[in-house]
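Open the model in your viewer and keep the selection panel at hand.

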Amino acid sequence: MPVVDNAIYKDGLRVATPASLEETFETHESHGGFVWIGLYRPTDAELDALAAEFGLHPLAVEDTRKGHQRAKLERYGDSLFVVLRPARYLDDVEQVEFGELHVFTGPDYAITIRHAESPDLAKVRRRLESSPELLARGPEAVLYAVLDEVVDEYAPVDAGLENDIDEIEEQLFSGDPEVTRRIYDLASEVMEFQRATRPLVGMFDALERGFEKYGVDLELQRYLRDVKDHVLRIVEHGDTFRQLLQNALQVHSTLVAQRQNEETKVLSEAAVAQSEQAKKVSSWAAIIFAPTLVAGIYGMNFTHMPELDKPWGYPFALALMLAFAGVLYGLFKRKGWL
């Protein structure tokens with residue numbers, strides 16, 4: 001159902017739980033206090049009804065209708081429109097899942113609209129209802145509690161990303177071929193995490209600038225500043241994660257280049273060794289070829305060959321073979337081929 005919870009609060013206590021938006025609109029004024037309506041992916045008709053009842057700004061309503069907004073805070077007179085990007089870490093797939101949450105607050109209303117499963121706003125409502133003194137501070141207390149829950153849910157994401165980066169550092173020196181893909185995927189998640197968390201710093205700054213002008217309760221100011229401190233730490237971690245991943249990518253590139261150089265060196269040494277062997281084989285082939293050439297010439301058995309009828313013909317042929325072989329051996333030995 002689009003309407004997850006719907007209640008009217010006065011002096012920090014739930015005084016009515018209307019069964020529908022229409023009943024909420026009818027009984028709100030009679031009870032006083034403020035109304036907190038929690039919706040999950042409401043229809044256009046429900047958004048139009050809320051806008052008409054509470055005077056929500058058309059631009060904010062249009063953003064809520066379309067969804068897929070960046071984290072931001074916009075003020076329209078005495079009302080606020082806040083877009084948050086909650087996140088949760090999925091251990092089974094080692095990925096970060098991002099959601100979207102819209103919050104409208106005004107003098108007598110708080111409207112929370114979830115476009116994803118997180119955060120658990122029922123938990124936020126139980127927390128506030130168990131602290132009437134905090135809930136009595138009105139819709140701004142709801143905004144604080146929602147911000148606090150979203151920021152608290154960033155902590156497991158922060159820890160999960162840190163653990164993944166530690167694992168990547170181990171993979172870098174193991175030669176795992178999948179590490180490049182993992183670095184790229186993790187860098188994308190870190191950048192998405194930064195897009196969700198970094199705007200919160202500016203949002204809290206804007207809230208602080210309006211503390212005095214809009215008479216924000218002093219205790220709420222302290223609570224909001226505490227949440228801002230958590231945000232600043234998370235943002236700093238995100239910057240560190242991004243730098244670590246950039247360094248990991250550079251180290252990986254260096255290691256790949258080193259391995260390629262080593263492989264090239266091995267191939268070059270093998271090529272040199274093969275070249276040396278080829279020189280030796282070629283040298284011995286040339287040495288053997290010289291006597292073979294002489295023997296081949298004198299083995300052609302022509303009738304008229306001057307040396308065949310000479311008594312020194314045979315020794316001459318042998319001497320010629322040895323001379324050719326000796327000269328070639330000496331030549332190749334001097335060149336270092338043998």
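At what angle do helix 6 and helix 7 pack, and how far apart are their axes? Select residues 139-172 for helix 6 and residues 179-209 for helix 7: the angle is about 155° and the axes are 11 Å apart. Axes here are lines fitted to C-alpha atoms, for helices over the stretch in contact, with angles from 0 to 180 degrees between N-to-C directions. Helices are DSSP runs of H or I with at least four residues, numbered from the N terminus.

Before moving on, note that this is a predicted model, in which local features need pLDDT of at least 70 and side-chain atom pairs count only at pLDDT 80 or more, while totals for chains, interfaces and linings use all residues. Residues are numbered from 1 along each chain as its sequence is written, and side-chain values use heavy atoms, with hydrogens and water left out.

Stay on the helix pair. Helix 6 and helix 7 are therefore roughly antiparallel to each other (angles over 145 degrees count as such). Their crossing is left-handed, meaning that the near helix is turned anticlockwise from the far one by less than a right angle. In the contact of helix 6 with helix 7, the residues divide into 18 nonpolar, 2 polar and 5 charged. Nonpolar covers Ala, Val, Leu, Ile, Met, Phe, Trp, Tyr, Cys and Pro; charged covers Asp, Glu, Lys and Arg; the others, Gly among them, are polar.

Next, the salt bridges. The structure holds 24 of them, each a side-chain nitrogen of Lys or Arg within 4 Å of a carboxyl oxygen of Asp or Glu.

Select Arg198 and Asp239, whose side chains meet in a salt bridge at 2.2 Å, N to O. This pair links distant parts of the chain, with Arg198 in helix 7 and Asp239 in helix 8 (residues 218-298), 41 residues apart. Arg198 is partly exposed at 40% relative accessible area, and Asp239 is partly exposed at 33% (partly exposed lies between buried, under 20%, and exposed, over 50%, with a 1.4 Å probe and protein chains only).

Move to Glu219 and Arg222, a salt bridge with its closest N and O atoms 2.8 Å apart. The two are 3 residues apart in helix 8, so about one helical turn separates them.

Then pick Asp5 and Arg14, bridged at 3.2 Å between the closest N and O atoms. Finally, select Asp44, Asp48, Glu62, Arg65 and Lys66, which are linked in a network of salt bridges.

Conventions
Angles under 35 degrees count as roughly parallel, over 145 as roughly antiparallel, 65 to 115 as roughly perpendicular and the rest as oblique.
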